[in-house]
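Here is a short tour for someone meeting this structure for the first time. Have a look at the model, then read on.

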Amino acid sequence: MAAPPVVQSAVVPHDESTPPSSAEIAQPSKPLPIPPKPLPSPPTTEPIVAIRIAELTATAPVVVDAAGGRLRVSSVDGSLSDAPWNAAAPIEIQVHDDGWRVRARGAPDRTIASGELVINTPSGTGDPLMWNKKSWPGALRLVRTRTGVDLVMDVPMESYLPGVIAKELYGSWNPETFRAQAIAARSYAVVEEARWQGRRHYDMVAGQQSQAWMGATENPKAVAAVRETRGQVLVHDGVVVAAYYSSACGGRPASALGVVTDNPFHDIAPLRAGDGSSRTSCCQSTSVASWKVTIPLATIQSRVQSWGRGTGRADLAAAQVPTAIEVAHKNAANRATQIRLRSRTGETLTIEAEDFRRAMNAAGDAKTSLKSSDFAVRISGKNAELTGRGFGHGVGLCQHGAQEMSRRGHSHQQILARYYPGSTVVKAWN
Ligand SMILES: [Zn+2]
């Protein structure tokens, strides 16, 4: 995809004023290159999700270790004739023209001619394997790509989720917030797994284009929240809700369609902004309730041009210096959805508000990044002063608002009912 993803952590430092991850599900807003998929029915058994944890260049060796001292090596297509190989850890894997060269302690090197290699701990031990000084639950799959090697963890859903919510929320937050987040993250992951099945060698990345993932964790609140909500997903009209979420909605929620997805199947009541009247107090008492940045107009011009070049929008690529920046369209919750830029010569350009934010943030400059697309602009000399509310795309669950609700004694069911109106929590698998 041509549009650069927004990596929020690169522009906003992690401290107590911002969440450890803003749960940015920053899909570029260009149409997907594949036909949109309907939302899935709730699975009846626990799904295995495929999480890409790294994209490597082909030259670097991959070193995998295990606390138990042994690793099981197998190839997906069965080309390892005496597979699986129970090798002494750590093992070192390197991709060559004729296949994977695997080196293990006390054994001759082996070359395995296969597109995909699977590394697991021996069955029954339950130990996570180790890569890059971190522990990862599940089986590690190495996949050759055009540019190198992808590392993908195939992990049962319930083992995946603790490492998501431990990274998405502050450790000091309430258990009810963790439970609400666990159900939202599970629902989102179910939808992504169904969406990419048979289309791509992974379902999600470990990062803000999907959801954050730290691998294995012993964070007690995260582990408990996942265990207590095991198998529970949000359902609307018989299908699982793509439960997008973000850090702080600023009191003005966004609808999913056109903001985080172009899939019309995601345009359902739980993912629409509605009239927004009930959300205005949502996260207004939190530290991320409002923000202000000043950006030179010439900088806005160059960033809009760069965005236009990257996304094939010739009009934006040729943008003049703006002399006025207006909200061209708002949603039912009064959140800006489209921005209009006017120039001295009278030229006008329109851009989706979320794309405008991505265009501004693509440069990775923390001082001039926009925390949300919900803003108003005042021109002052050669600068634009942007005053905004909230942090993140504003679709679905508002993490700061959810924490406010649990602090006031609301249950995770009440939290989810507020942020995904019309949905119900269903136990899909045991
Ligand atoms: Zn909010």
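## What you're looking at

This is a predicted model, in which local features need a pLDDT of at least 70, side-chain atom pairs count only at pLDDT 80 or more, and totals for chains, interfaces and linings use all residues. Residues are numbered from 1 along each chain as its sequence is written. As for pLDDT, it is the predictor's confidence in each residue, from 0 to 100. The protein's mean pLDDT is 88, and 89% of its residues reach 70 or more. Over residues 1-29, though, the pLDDT is below 50. That stretch still has 82 contacts in the model beyond near neighbours in sequence (a contact means two residues whose C-beta atoms, placed from the backbone, lie within 7 Å).

The protein has nine helices and 24 strands. These are DSSP runs numbered from the N terminus: helices are H or I with at least four residues, and strands are E with at least two. Of the 430 residues, 48% count as buried. Buried means that 20 or more other C-beta atoms lie within 10 Å of the residue's own, exposed means 12 or fewer, and partly exposed is in between, with C-beta atoms placed from the backbone. Among contacts between residues at least 6 apart in sequence, 69% join residues at least 24 apart.

## A covered helix

## A six-stranded sheet

Six strands form an open, antiparallel sheet in the order E7-E6-E5-E2-E9-E10. Strands count as paired if DSSP finds at least two bridges between them. Strand E7 (110-112) and E10 stand at the edges with a single partner strand each, so one side of each has no neighbour in the sheet. From one strand to the next, the twist averages 30°, with axes being lines fitted to C-alpha atoms (for helices, over the stretch in contact) and angles running from 0 to 180 degrees between N-to-C directions.

At the E7 end, strand E6 (residues 99-104) pairs with E7 over three bridges, in the antiparallel sense. Here Trp100 stands opposite Ile112 in E7.

## A three-stranded sheet

Another open sheet has three strands in the order E15-E14-E24, again with antiparallel pairing. Its edge strands are E15 (239-240) and E24 (424-427), each pairing on one side only. Helix H3 packs on this sheet, touching E14, E15 and E24, and its direction makes about 70° with that of E14.

Two bridges join strand E14 (residues 232-236) to E15, and His236 stands opposite Val239 in E15.

Most residues other than glycine have a negative phi, and most peptide bonds are trans. Which residues here have a positive phi? Lys133 is one of them, with phi near 65°, and Asp237 is another, near 55°. Lys133 lies in the loop between strand E9 (129-131) and strand E10 (134-136), and counts as exposed because it has 6 C-beta neighbours inside 10 Å. Asp237 is in the loop between E14 and E15, and is exposed with 11 other C-beta atoms within 10 Å.

There's also a cis peptide bond, joining Ala89 and Pro90, with omega about 0°. Pro90 sits in the loop between strand E4 (85-88) and strand E5 (91-96).
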